[in-house]
Amino acid sequence: MSQVAEQQPTAADAESYDGLRLRNVTKSFAAFTAVDDLDLDVPSGSFIALLGPSGCGKTTTLRMVAGLETPTAGSITLAGQDITYAKPYQRPVNTVFQSYALFPHLDIYENVAFGLRRRKSNEVDASVRDMLELVELTSQARKKPAQLSGGQQQRVALARALINKPEVLLLDEPLGALDLKLRRSMQLEIKRIQTEVGLTFVHVTHDQEEAMTMADTVAVMNAGVIEQMGAPADLYENPQSTFVANFLGQSNLIEGTIRSRAADVVTVDMHGVQVSVPTERCHADSDKGWVGIRPEKVLIGAPGEELDAPGNTIPGGVVTDVSFVGVSTQYLVRMPWGQELAIFQQNTGRHRLFAPGEEVELSWRPEYAFLLDFSQDASAGSQKVDAE
Amino acid sequence: MSETVRKRGSTGYLLLIPGVLWLGLFFVVPLYSLVATSLFDPSGSDTTGYTMTYHWANYSHVISDYWQPLLRSLWYGALATFFCLVLGYVLAYAIAFKAGRWKNLMLVLVIAPFFTSFLVRTLSWKLLLADDGFIVNTLQFVHILGADGRLLATPVAVIAGLTYNFLPFMVLPLYASIDKIDPRLIEASSDLYANPFVGFFKVTWPLSLPGVVSGTLLTFIPAVGDYINAELLGSPNQRMIGSVIQSLFTNANNYPAAAALSVILMALIVVMVLFYVRRAGTEDLL
């Protein structure tokens, strides 16, 4: 499985790569391997999110890039320079810490100026003023961090790192401590600033929505390795493992036996119902697999009803649970083979609502389905930690 | 409603009463008595009694007679405080950041000397630093001390004794202060281009200042007034003001002079401490 967004680079261009590159990076703490032989390329100027549940190694990866941890094996290069063992204060990388780690004895101005003063910049004052303006904190310059709200402290932490114009800015769950509304606005704010300053951002988070909203590339991490990496929409629409399918959104995974493989379509026998899956969305090697379909892609109708989905139709479902959530209605439908599938139906008003106990037929367009390897655990990644 | 508010208001004052009585009885009254004694006519004695003549000359007399031990006390106290700070900071830092699971054991060891008496510990230093003792012999052997060099009855012994005896008073407040520092702040300073040395002076040191201030006060004030170390480890040439006051009270029976000297010492310390604390509150101390 490829763990790199770009095409596999050759040895020749390793020197000339101008982004951040991790090669075979491993970090072990005693018996525990936090990061396992990880390869990652972050092109210069991109915004990448490392997404995963707690303990998946994403923060350890970030800390190794910052220099706060030393890899057990492997190498980290930045713009062709090996920084694997460089001290944190020697690398052009700055971090926005999870807890902000603002200096409590310095005022906001001095917190932001800290990095520039260490590097003996002679434009401290102008830069600090510009930066405070960018994060809209000019009027708070002479206050101490403790006098600011959580959102303001977050912006100070961002300004304090950004002012140094690092080659790579690392964000370690920077929005974790904020309430939902503030988090949404800070997500857009950080995205805006990234576009404005054009620096490389590496963002660590366990919140899949945050990762998909902010980053151009999301790398889903699990147990110390990158499961899959790509644009948010690609990851969501075409997950390559059960972990990604469950961790990023929600998926129905149905056991199936592969009947035939054609150039463009794979036919699967799903408990007696033949369904087809596009070949490029087939990630199963053996003759068994998990047919995956997102709940919002499934259409629900009365038996024999003409549904707008030529292709895969599965009869014999019984509605077991209906929850009306305003914009959509969520159904649980028990299939003839005993499995319950989740369906989100948008409340457009064009469909009637079904009640528990009603017989229904399900249907989806073949191009929305995907096929995953049967050796993977169908529930992997579904017990995700929700952002509170 | 207003009844409960009023009651709650008076509870606070009621709680103050024991402390106020205690301090009134054992601090204000003796202090008054001390200041009054310092102005008695020096011709009296504790057997014949003293008369109050507002004899301000007591002050000028003791200053001209004892300015040397007075200055020496301040100097020895300051040196001992400095050595305590250097030794204590390293120790407190190590306990707070590096001791791991040995933290509590190390803290107990810092306090352990208090389990034996101050006097006994200082007497054992007298044995350690004795002229034919192991330490002096070794120092003579490596020619740091001359063949007839000694440690006892030198300023080195007195200052070393003071440093040893007051070290825990420095370590504990320093530890409390350093232990509170979030190690992530040190990581942040390192991330922001501060090498460990700069990081220490820009982050760790300023954040530990409350501990530095209370530690130095807790060391300096008792060290200046101490007389055990000077008596046991020093010679008359290392006499400190505490010894002078003690002998004026108990040997010479010159109560007015002893009281005047005590008041001067107290006033000096109060002025120095006020000045120090005011400066420590600003960034001047950095």
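**A strand and its partners**

Analyst: Strand β1 (residues 20-29) of chain A pairs with strand β4 (residues 73-78) of chain A in the antiparallel sense, over five bridges. Strands here are DSSP runs of E with at least two residues, helices are runs of H or I with at least four, and both are numbered from the N terminus. Two strands pair if DSSP finds at least two bridges between them. One of the partners to look for is Ser75(A) in β4(A), which bridges to Arg23(A).

Before we go on, keep in mind that this is a predicted model: local features need pLDDT of at least 70, side-chain atom pairs count only at pLDDT 80 or more, and totals for chains, interfaces and linings use all residues. Residues are numbered from 1 along each chain as its sequence is written, while chains are lettered from A and ligands numbered from 1 in the order in which they are written.

Back to β1(A). This strand also pairs with strand β2 (residues 32-42) of chain A, again in the antiparallel sense, over seven bridges. Look across from Val25(A) and you'll find Leu38(A) in β2(A). β1(A) and β2(A) make a hairpin with two residues between them, and Ala30(A) in that turn has a positive phi of about 50 degrees.

Touching, or being in contact, means that the C-beta atoms of two residues, placed from the backbone, lie within 7 Å. Thr61(A) sits in helix α1 of chain A.

Is Thr61(A) buried or exposed? Thr61(A) is buried, because 29 other C-beta atoms lie within 10 Å. The cut-offs: 20 or more other C-beta atoms within 10 Å of a residue's own makes it buried, 12 or fewer makes it exposed, and in between it is partly exposed, with C-beta atoms placed from the backbone. Helix α1 (residues 58-66) of chain A is mostly covered, with nine of its nine residues buried. Among them are Lys58(A), Arg63(A) and Met64(A). Gly67(A) follows α1(A), and its phi is positive, near 95 degrees. For a sense of distance, Thr61(A) and Gln346(A) are 285 residues apart in sequence and 39 Å apart in space, C-alpha to C-alpha.

Chain A has eight helices and 21 strands. Of its 388 residues, 43% are buried. Its C-alpha atoms fill a box of roughly 75 × 50 × 35 Å, taken along the principal axes.

Chain A also holds an open sheet of six strands with mixed pairing, in the order β6-β7-β8-β3-β9-β10. β6 and β10 (225-230) of chain A are at the edges with a single partner strand each, so one side of each has no neighbour in the sheet. Inside this order, β7 (residues 168-172) and β8 (residues 200-205) of chain A run parallel and are joined by five bridges. There, Leu171(A) stands opposite His203(A) in β8(A).

Next, a pair of helices. α2(A) packs against helix α4 (residues 150-162) of chain A at an angle of about 30 degrees, with axes 7 Å apart.

Finally, chain A meets chain B, and the contact takes 15 residues from each of chain A and chain B. On the side of chain A, β6 (93-96) and α2 (108-118) are the elements that give two or more residues. α2(A) gives the most, with three residues. As for chain B, it has eleven helices and zero strands, and 30% of its 286 residues count as buried. The C-alpha atoms of chain B fill a box of roughly 85 × 75 × 35 Å along the principal axes.

Terms used:
Axes fitted to C-alpha atoms, helices over the stretch in contact; angles between N-to-C directions.
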